[in-house]
Amino acid sequence: MAPRKTASTSSRKTAAKPAKKDFTGGTIADFSKEDDLKAYREMLLIRRFEEKAGQLYGMGFIGGFCHLYIGQEAVVVGMQLALKEGDQVITGYRDHGHMLACGMSARGVMAELTGRRGGLSKGKGGSMHMFSKEKHFYGGHGIVGAQVSLGTGLAFANKYRGNDNVSLAYFGDGAANQGQVYESFNMAALWKLPVIYIIENNRYAMGTAVSRASAQTDFSQRGASFNIPGFQVDGMDVRAVKAAADEAVEHCRSGKGPIILEMQTYRYRGHSMSDPAKYRSKDEVQKMRSEHDPIEQVRARLLENKWASEDDLKQIDKDVRDIVADSADFAQADPEPDASELYTDILL
Amino acid sequence: MPIEILMPALSPTMEEGTLSKWVKNEGDTVKSGDVIAEIETDKATMEVEAVDEGVIGKILIPAGTEGVKVNTAIAVLLQDGESADAMAAPKAAEKQAEAAAPKVEEAEKPTEQGSASAPVPAAPKGEIAADPDIPAGTEMVPTTVREALRDAMAEEMRRDDDVFVMGEEVAEYQGAYKITQGLLQEFGARRVIDTPITEHGFAGVGVGAAMTGLKPIVEFMTFNFAMQAIDQIINSAAKTLYMSGGQMGAPIVFRGPNGAAARVAAQHSQCYAAWYSHIPGLKVVMPYTAADAKGLLKAAIRDPNPVIFLENEILYGQSFDVPKMDDFVLPIGKARVHKKGNDATVVSFGIGMTYAIKAIAELEKDGIDVELIDLRTIRPMDLPTIIESVRKTGRLVVVEEGYPQSSVGTEIATRVMQQAFDYLDAPILTIAGKDVPMPYAANLEKLALPNVGEVVQAVKTVCYK
Ligand SMILES: Cc1ncc(C[n+]2csc(CCOP(=O)(O)OP(=O)(O)O)c2C)c(N)n1
Ligand SMILES: [Mg+2]
C-alpha cells in the first residue's frame, strides 16, 4: 500500500457529499493539508501515548490487563473525522485510542490507567473501563461483544428521540463471532437504527488467526442475511477510512439503517502486555510496520506534497511528546482514590 | 540525559524474570519499537521493546541473569550526542549489584503469580492434616495447581476417548493460562478444540454432545465469560436429567479460573461459587490445593452430572504435594479437615483458604487453636463435617472472597443454625469480599477483598477474646 497521491482541493466538502451508489469502501478521501496534518497529529498522539502506557506498565504503574492500539490508529482517527457533535462511540477494552480521538484528555486516560483519582473513572475502572458523557463515549467494555448490543441501543435512543445522530460500535474480528452481534444486527436492520458497526479486523483474536475462528472471513458480509450493507476498507490508510466513514455516516443519518465497515488493520503489539505473540512471524509484523504503517503514510505524503518540512514534523512530534509526558507525570503524581470511594457510585 | 532502560513487568503478576538475551549490543542505535532484549517470565519468553530512541550506551545486566527484579535498570540509552562517559555510572553499578544479590525474601512469596497489589497471603508453611482419601505412606510430589489440572485432564483423556476439551485458546495457544499445555500435542485436534469467542454457543454444543454421552470438558477462559453461557449451563445442562424423567443428562465439566485475579477490575473479578451453588442439578467444586484440584477434576470428569469446576488464577502457580498414585480420584461432596483444632471452626474454600491459613497461624500465637475445614465442594455441601466440628468447638467463622449477600457463608450459617443451634456458643460470623464491584485502583482493590486481619478479628470475636 504505497501512499496514493491525491490533489489538494478543499477536501472536506468533497468528502461530505451524499453517498455514491457505487460505494465500495475502496474510495480514498481527498485530504487537504489541514486534514493530513490533523490526522498525523492525532495518530501520533495515540501511538506515543500507547508506547508510554506500555512503558508505565513495564514499570508497574499500570496493572492488570492493558491492550495497546498501536498499528490501528488510522481506524479511529479516520472515523472520527466524519462525525458531528452528539454522535456516540462505544468499543471494547482496546480503547485508549478511541478515547483520545474522541477528545478525552490524555491526563484523564493515563491517570485511569494508573488507577488514580484524576482518572476518567476516578481510578475505579482502569484500562478497560472509561467513559465520558461529555464526549459521548460510552466505554470501555471488557466482555467481548457486549458493546455491539449496547452500541445498537445508543442508536435506538437516537431514533427514539428523533435526532439525526449516529452511533459507532467498534468491535474485533473475534468479537464478530459472538451471538449477540447477530441478534443486534437483526434488530438494527429491522428497526433501521442509525448504527455503524466497525469491525476492526486486525487478523487475530488473542492468539487465534481469523481463518481459524471464522467460517466467513469477509466480515463486511456478516450482515448479509439481514440485508445490512457492508464494505471492506483499508484500515491502514486514514483517507480510505475517512471516505468510508463519510458515506456510512450519510447512510445512517439519512435513515437507511445500519451499515458495516470492516476495517482491515493490524496490531503491532501482543494482544495484551503478557502475550508473547508466538502465533505470528516477526516478518509478518515487520512487513506491516515498514510497508503499511498508517502514520508513516501520512508523514510521507506531508513531506512529498511539501505540506510540512522535517522541522515542522519534529515540532509536532515534540508537542505530542510533551502532552504524553505531561499525562504520564500527572498519572504518577496524582494520589490514589480516597478509601471512601470504595462505596460510592454503586446505586443512586 | 541518558535514559535508563528498566526491567519491565510483562504480565499482570510478574515481579521478576530472567534476562535471557540481548538482541541489541552496546553501541547499537535503536528506534522506539525495536526489540532490544528477551526476557523470560513464568509463562513465556517476551520481547523488550525500546520506548525511546538513542544508542545503547551500556548494558548493565548481562544476558543469562536470573531473578532480575522489575524496574531494575538493565541498560543505559544515550540521546543525541551523549557519550557513554556521561552516564551516572555509580548509580547504575549500585543497581546492578542489587539485582544480582541473592533474593532471600523469595521464599515468602505466595507464588510467581502473586502480585504486589493483591493481598494474597503466602503459601502455607504449617502441616496440612493428612487426607484420609490418600493412603498413608504414599509418595508425594510437589506439583503446581496448573500442572495438577493438566495432569487430571490428560489422565482422563487417556482413559476414555469420550472425554475431550474445548474452549478459547485451549489448543494451539496451549491455554490462555497454560492449563491445557501439551494436550493438543498428545491428543490431537479432534479432542483438543479451539473455539471461536462464542461462549453461549460452545457451551450449548458441549451440553448437546454430553446429552449423547460424550464427556466434554468446557474451559471458560475465565468464569466471567461463562455469564454469556449461563443459560445453557443452567437451563440445559442442569435441568435435562430432571426434565427427561431420567432418560438423559449432561456429563459435562465447565471449568476455568474464577474470582478476582490482580487489578483486572469489575468485569473480570468475581466469584461464582454462590451463584452456581443455588442450582439443583449442578455440582460445584472449588479446590484449593493441587492435590484436590487433581483428584476432584478427575472425579468431575467421571461424574455423570454437570460439574462447575472453579479454579483461581492466583493459585495456578502455587505448589503443593500431590500423591503419586496410578489413579488418584477424590470424592466430590466431601470437605477436608485442613488442620485439627478445638477452640473455633473456620470453614473456607478455594482462595479463601489462603486468608484462613494465615489467620489461624496468627491466632495460634495468641493461643487460639482453630480447626480449619476446606469445603472443597460447594454443592453438594458436606454439612456433616462442619457440624461435627462445630459440636466440638461451638464457634464458626466462614471465609470467602465472593460477595456477602446470599453467599456460601450465609448458607452455611443458616444450616448450622438450624441443625446445630444448641452447640453454638457465639453467633456465626461470615467474612466475604465487600459489597461492591471490584475497583481497579490498587488501594481500593485491597480494601474490596477480605484480609487476614478480618479473619483473625472474627475468630477472636466468636471466642469472646
Ligand atoms: C465474553 C468474553 N470472552 C472472552 C474474553 C477474553 N478475551 C478478551 S479479548 C479476546 C480476543 C478478542 O479479539 P478481537 O475481537 O479480535 O479483538 P482484538 O483484541 O483483536 O482487538 C478474548 C478472547 C472476554 N473478554 N470476553
Ligand atoms: Mg482481533
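A:Arg47 and A:Glu73 join their side chains in a salt bridge, 2.6 Å from N to O. A salt bridge here is a side-chain nitrogen of Lys or Arg within 4 Å of a carboxyl oxygen of Asp or Glu. The pair links distant parts of the chain, 26 residues apart: A:Arg47 sits in helix H2 of chain A, and A:Glu73 in helix H3 (residues 73-80) of chain A. Helices (H or I, at least four residues) and strands (E, at least two) are DSSP runs, numbered from the N terminus. A:Arg47 counts as buried because its relative accessibility is 9%. A:Glu73 is buried too, at 0%. Buried means under 20% relative accessible area, exposed over 50%, and partly exposed in between (1.4 Å probe, protein chains only).

This is a predicted model: local features need pLDDT of at least 70, side-chain atom pairs count only at pLDDT 80 or more, and totals for chains, interfaces and linings use all residues. Residues are numbered from 1 along each chain as its sequence is written, chains are lettered from A and ligands numbered from 1 in the order in which they are written, and side-chain values use heavy atoms, without hydrogens and water.

**Salt bridges**

Over all chains, the structure holds 50 salt bridges. Some of them are listed here.

| Pair | N to O distance |
|---|---|
| A:Arg47 and A:Glu73 | 2.6 Å |
| B:Lys294 and B:Glu155 | 2.7 Å |
| B:Arg302 and B:Glu156 | 2.8 Å |
| A:Lys282 and B:Glu47 | 2.8 Å |

B:Arg302 lies in helix H8 of chain B and B:Glu156 in helix H2 of chain B, so their pair ties together parts 146 residues apart in sequence. B:Arg302 is partly exposed, at 29% relative accessibility. B:Glu156 is buried, at 1%. A network of salt bridges links B:Glu155, B:Glu156, B:Arg159, B:Lys294, B:Lys298, B:Arg302 and B:Asp327.

**Between the chains**

Contact means heavy atoms within 4.5 Å. Chain B gives 51 residues to the contact and chain A gives 53. The area buried between them is about 4100 Å², with 56% from carbon and sulfur atoms. That area is the accessible area (1.4 Å probe) that two parts lose on being put together, summed over both. Chain B and chain A share 4 salt bridges.

**Nonpolar cores**

A nonpolar core is a set of buried Ala, Val, Leu, Ile, Met, Phe, Trp, Tyr and Cys residues joined through side-chain atoms within 4.5 Å. The largest has 108 residues. Helix H2 (residues 33-58) of chain A gives the largest share of this core, 10 residues. Apart from it lies another core of 81 residues, including B:Ala154 and B:Ile332.
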